[in-house]
Structures are given as C-alpha cells and as structure tokens.
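Please read the following briefing alongside the sequence and the coordinates.

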Amino acid sequence: MPVPRTYRAEGLVLKHQPLGEADLLVTCYTREDGKVRAVARGARRPTSKLVGHLEPLTRVNLSLARGRSLDQVTQAQVVDSFAALKGNLSAVAKGIYVSELVDGFGVEASANPALYHLALETLACLLPSDGQPESELPLRYFELRLLEVSGLLPELYYCVECRQLITPGDHRFSPNAGGTVCTQCAPPDAHLRPLSVRALKVLRLLHRCPLAELPPLPMDAGLARELKGSLAATVEFWLDQRVKSSAFLEHLRRAAETDTTLTPAANARAE
Ligand SMILES: [Zn+2]
C-alpha cells in the first residue's frame, strides 16, 4: 500500500532553527511517528498562521506533508502551551533539558509512545508545588524512566556481574556495566562509583512510583548530588553510544536516498 502523502500527528516541539529567508526547521517528538524534523514554510513571517504555534515546549496537533528528505508542516494547532511553566525561568531550563534528552534518545520514524507520555508527564511536574522547595527530583525521575522506556533501565536489585541479590551497604553503581555491582565484583571498564543505601532507595522509589504520586523526599545536597551523578553519567554514556550509531544510520539512510550529500538547507531547497 502506498504511504499517504499527508499525515497528522500529535507532538511536543523540542526545538527550532531558522532556515532560509523565512522558514523554520522544527524538531518535534510525536506520539505516532517518533522524532520528526520538518520545515515550516514562511513561519517566521509575522503574518504566518503558524506564528506562535511552533515554539519549543509546546504540545501541538500537526498536519504534515511528506517530502523527499524533510517533511513540511502545513498546519499546527496548540494543545498545551505550558504557559505557567514558561513563566518560571528554572522550570523552563529544566524543560529544555528534558527536550534535549528526548531529542537525543528519540529516533526518527520510530514511535515510542511511552517516551512521548514521559516527556509530557515530566513537563507537567516541573513547577514546584505551593510551599515546596525547588527540587531536581522530577529530572532524576525523567532520567531513570527515559532509560527504562529506551530499554536501558539500570539494574537496581542484583549485581550485574554475579547476579547475586544486592544487600544493603554492599553495592556500588556502574553507568557503563548497567547498574548495581556488589563489592566483590569489578567488571572491566565499569567506572564504578559509590552508591549509598539511601540513594539506592530513592532510585528504586523513582522506578516504582509515578511522578505525580511521589511522596515529599527529604533531600540534602549530598544525596541530590549522588543521584544526579549516577543518573547523568548513565544517560551520557548511552547518549554517546546512541548518537554514534544513529548518526551512522542516518548517514546510510541519506546515502541511499540521494547520490550526493545535501545539507538540511539544501535538502529543503531541493524539494
Ligand atoms: Zn557481584
């Protein structure tokens, strides 16, 4: 069956950049098609009906037309502009971090609805509740669940090397080897780091409990730093692996489509 020339998708705008005289190159993460990079023709003209609909951190309904290398946004309707979030600088910074990781882990033309819903779930919880202190816990939740929905969840109960059940106090953490490691094992190139009992407990809780239902967790600076270090190192490790492989796959895909290597701008002009 031929692929339809036009399609609709619901997505989160991750970023955009100017293209040509008045166009925008928009990167969205969609529920139906995974990551989509598309041209919005004339979207930088003040009179364009797309103005204001394709800002980063906006949930939109899109109509798109397939192009040879880049699709084209023909219509966009805002579902949620996250206006309250955008009024808080710290929440915006966290939202941009979420967007960057969705961009890094999301794959073009490969739907992962769990990743889409995780991004929306996290954005909805980035503003601190009334009376609650500022916390990066939603980001730690996002990092752990991002790894999970990408099939890369770190082990939190067994030693990744000897498969023995981890006992309290007898554990370390390896971003590279896939999670908890007992103190008897030392997998090669594991970049082992200490993992306290309380940090392990928080990681297990983040894995078990939806973000909106997390109880208030007393977090001192040391615990916050430990959680951030372990999760960020794991995300960065996999992102690096993924970026290398996805960049190579993208190169192959483009090479198969065209005999010459075109930049995105040249691709857009070629359509
Ligand atoms: Zn072990």
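How do the residues of the lining of the second largest pocket divide into nonpolar, polar and charged? They divide into 16 nonpolar, three polar and five charged, where Ala, Val, Leu, Ile, Met, Phe, Trp, Tyr, Cys and Pro count as nonpolar, Asp, Glu, Lys and Arg as charged, and the others, Gly among them, as polar. This is a predicted model, in which local features need pLDDT of at least 70 and side-chain atom pairs count only at pLDDT 80 or more, while totals for chains, interfaces and linings use all residues. Residues are numbered from 1 along each chain as its sequence is written, and side-chain values use heavy atoms, with hydrogens and water left out.

**The second largest pocket**

- A pocket is here an open set of points, on a 1 Å grid over the protein atoms alone, where a 1.4 Å probe fits and where protein lies on both sides within 12 Å along at least five of seven lines; lining residues have an atom within 4 Å of a point.
- The second largest pocket holds about 620 Å³ of space, a volume being the space filled by probe spheres set on the points, which are joined across faces, edges and corners.
- Its lining comprises 24 residues, and those nearest the centre are Q132, P133, S135, L137 and P138.
- Two or more lining residues come from each of the elements α4 (137-149) and α6 (221-257), and α4 gives the largest share, three residues.
- Domain 1 (1-127) and domain 2 (136-236) each supply at least three residues to this lining, with bounds that come from an automatic or database domain assignment.

**The closed barrel**

- Five strands form a closed barrel in the order β1-β2-β3-β5-β4, with mixed pairing; strands (E, at least two residues) and helices (H or I, at least four) are DSSP runs numbered from the N terminus, and two strands pair if DSSP finds at least two bridges between them.
- Neighbouring strands of this sheet are turned by 50 degrees against each other on average, direction ignored, with axes fitted as lines to C-alpha atoms, for helices over the stretch in contact, and angles otherwise running from 0 to 180 degrees between N-to-C directions.
- Strands β3 (residues 34-40) and β5 (residues 71-80) are parallel and share two bridges, and V39 has Q72 of β5 as its bridge partner.
- The pairing of β1 with β4 is antiparallel over seven bridges, with Y7 partnered by L64 in β4.
- An antiparallel pairing over eight bridges joins β1 and β2; L19 stands opposite D23, and in the hairpin, which has three residues between the strands, G20 takes a positive phi near 60 degrees.

**Helices on the barrel**

- Helix α2 (residues 89-105) packs on the sheet by touching β1 (6-19), β2 (23-30) and β3, at about 115 degrees to the direction of β1, contact meaning heavy atoms within 4.5 Å.
- Helix α3 (residues 113-123) lies across β1, β2 and β4 (59-65), and runs at about 60 degrees to β1.
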